[in-house]
Amino acid sequence: MKLDNPFLIRGYAGPEYFCDRAAETQQLVSAISNGRDVTLVAPRRYGKTGLVHNAFRILEKTHATVYLDIFAIEFATAVLDRLDSPAERVGRKLLSFFRSCRPTLTPKDDGSFAFSFDLAPSQAKATLKDTFDYIASRRRKVAIAIDEFQQVREFPEKGTEALLRSYIQFVPNAHFIFAGSRKHMMDAMFVSPKGPFYQSTQLMALSPIDAGKYDEFAAGFFRGDRRTFSDGAFRHLYDRFAGITWYIQSILNRIWTHGRGLDSAQQVDDTVDELVAEAESFYFDLLRSQTAAEQSILKAVGREGVVKSISGGDFITRNALPAASTVRSAAAKLAERDLLYRSDAGYVVYDRFFGLWLKRL
Ligand SMILES: Nc1ncnc2c1ncn2[C@@H]1O[C@H](COP(=O)(O)OP(=O)(O)OP(=O)(O)O)[C@@H](O)[C@H]1O
Ligand SMILES: [Mg+2]
């Protein structure tokens with residue numbers, strides 16, 4: 001199928017719309033084909049989910065493939081958490097409903113599986129066991145990807161991951177890809193000696209797509225459509241967002257929509273401004289729903305871009321922030337809610353577009 005706009009901003013539409021990741025795809029396919037489970041960890045929007053789908057395209061030839069996204073329930077929770085309107089009470093009720101749910105994997109007649117939520121924990125556990133018994137009883141090899149896997153740690157019923165691990169051990173024909181974006185939570189399960197999955201999987205990190213390969217991919221579409229394409233402008237875009245896939249896709253998608261070529265750094269910057277402006281009211285509400293201390297920290301990080309030491313005296317004085325201990329704990333909370341991200345270089349606003357909006361305040 002030929003797409004009108006070749007730059008996807010969600011989902012997966014086949015290898016022609018998927019840039020590179022050849023080595024990573026091969027790594028995943030090889031691990032699963034050789035009976036190794038994989039843990040795939042990268043920050044939000046690097047392209048984990050896309051990569052899993054790209055590998056599944058190949059694995060489909062030899063395996064039944066199952067893709068589950070645990071984030072779906074937690075997302076509803078996060079949105080409801082922010083509501084402070086009269087809808088709150090309804091929200092709370094829904095919230096407790098979601099919290100009492102467990103994801104269950106139900107076998108269907110055709111050998112595939114349905115992912116559903118079930119109210120009764122005991123029943124859910126039985127279903128999990130049934131599911132693995134069922135998989136084990138079949139000859140067919142199965143590849144199961146569980147996306148946003150760190151979220152199992154937030155399930156009210158503790159020990160979901162240990163339970164899962166205990167079943168997985170005895171199902172030789174099923175192999176797993178555990179993908180997640182929260183490194184410390186994933187590490188606690190897979191890397192820590194105390195974790196239930198300690199040394200049981202192959203660890204895989206995901207870096208941004210190579211700049212040259214990405215340039216070639218984007219240029220192919222523009223030039224193929226008889227549009228102009230400036231490598232310099234692309235490089236400007238790539239560098240501005242540190243090569244993070246989703247931002248680059250979003251900007252290219254929009255420039256393509258305008259019916260133009262990719263011509264200049266200025267055009268890239270104007271398009272970035274356009275996208276940031278569109279999200280204005282969302283960002284405004286998002287900011288306003290944080291505590292006063294959290295708001296001032298978000299603004300300060302947005303202004304400075306990268307903050308090496310979040311509770312450092314310089315940073316605090318420059319931005320007239322509260323005491324170091326307050327800043328430290330507020331920053332930790334913001335990081336837990338994916339509003340700040342702690343990279344090797346320091347704290348950044350996780351959503352880069354949000355960061356640009358904050359900078360402008
Ligand atoms: N290699 C690629 N080439 C082109 N587009 C890609 C590639 N990988 C991902 N994308 C696109 O980039 C966007 C973000 O990718 P994806 O959803 O896979 O990231 P993610 O790491 O799973 O993010 P999140 O943590 O938010 O779930 C999607 O729209 C996807 O279609
Ligand atoms: Mg994803």
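This is a predicted model: local features need pLDDT of at least 70, side-chain atom pairs count only at pLDDT 80 or more; totals for chains, interfaces and linings use all residues.
## Helix H7 and its buried side

In helix H7, the residues Met-186, Met-189 and Phe-190 are buried. Because these residues span an arc of only 80° around the axis, they sit on the same side of H7.

What do the buried residues of H7 pack against? Their partners are E1, helix H6 (160–168), E6 and strand E7 (202–205).

The largest nonpolar core holds 33 residues, and Ile-144 and Ile-177 have the most contacts inside it. At least two residues of this core come from each of these elements: helix H1 (22–33), strand E1 (38–41), H2, strand E5 (142–147), strand E6 (174–180) and helix H7 (183–190).

Leaving aside residues up to four places away in sequence, Ile-177 touches Leu-28, Val-38, Leu-40, Val-52 and Ala-145.

## The shell around ligand 1

Now to the ligand. Of the 22 residues around ligand 1, which come nearest? They are Cys-19, Gly-47, Lys-48, Thr-49 and Gly-50. Sorted by class, the shell around ligand 1 consists of nine nonpolar, seven polar and six charged residues.

Two helices deserve a mention here: helix H2 (48–59) and helix H10 (245–257) each provide at least two residues of the shell around ligand 1. H2 also supplies at least two residues of the largest nonpolar core.

Finally, a pair of backbone details worth checking on your screen. Arg-21 is not a glycine, yet its phi is positive, at about 60°. Arg-21 belongs to the segment before H1. Is Arg-21 buried or exposed? Arg-21 counts as buried because it has 21 C-beta neighbours inside 10 Å, where 20 or more are needed.

Glu-148 is the other case: it is a residue other than glycine, and its phi is positive, near 55°. Glu-148 is found in the loop between E5 and H6. With 22 C-beta neighbours inside 10 Å, Glu-148 therefore counts as buried.

Notes:
Residues are numbered from 1 along each chain as its sequence is written. Chains are lettered from A and ligands numbered from 1 in the order in which they are written. A residue is near a molecule or strand if its C-beta atom, placed from the backbone, lies within 6 Å of it. Helices (H or I, at least four residues) and strands (E, at least two) are DSSP runs, numbered from the N terminus. Ala, Val, Leu, Ile, Met, Phe, Trp, Tyr, Cys and Pro count as nonpolar, Asp, Glu, Lys and Arg as charged, and the others, Gly among them, as polar. A nonpolar core is a set of buried Ala, Val, Leu, Ile, Met, Phe, Trp, Tyr and Cys residues joined through C-beta atoms within 7 Å. A residue is buried if 20 or more other C-beta atoms lie within 10 Å of its own, exposed if 12 or fewer, and partly exposed in between; C-beta atoms are placed from the backbone. Two residues are in contact if their C-beta atoms, placed from the backbone, lie within 7 Å. The arc is that of the directions from the helix axis to the C-beta atoms.
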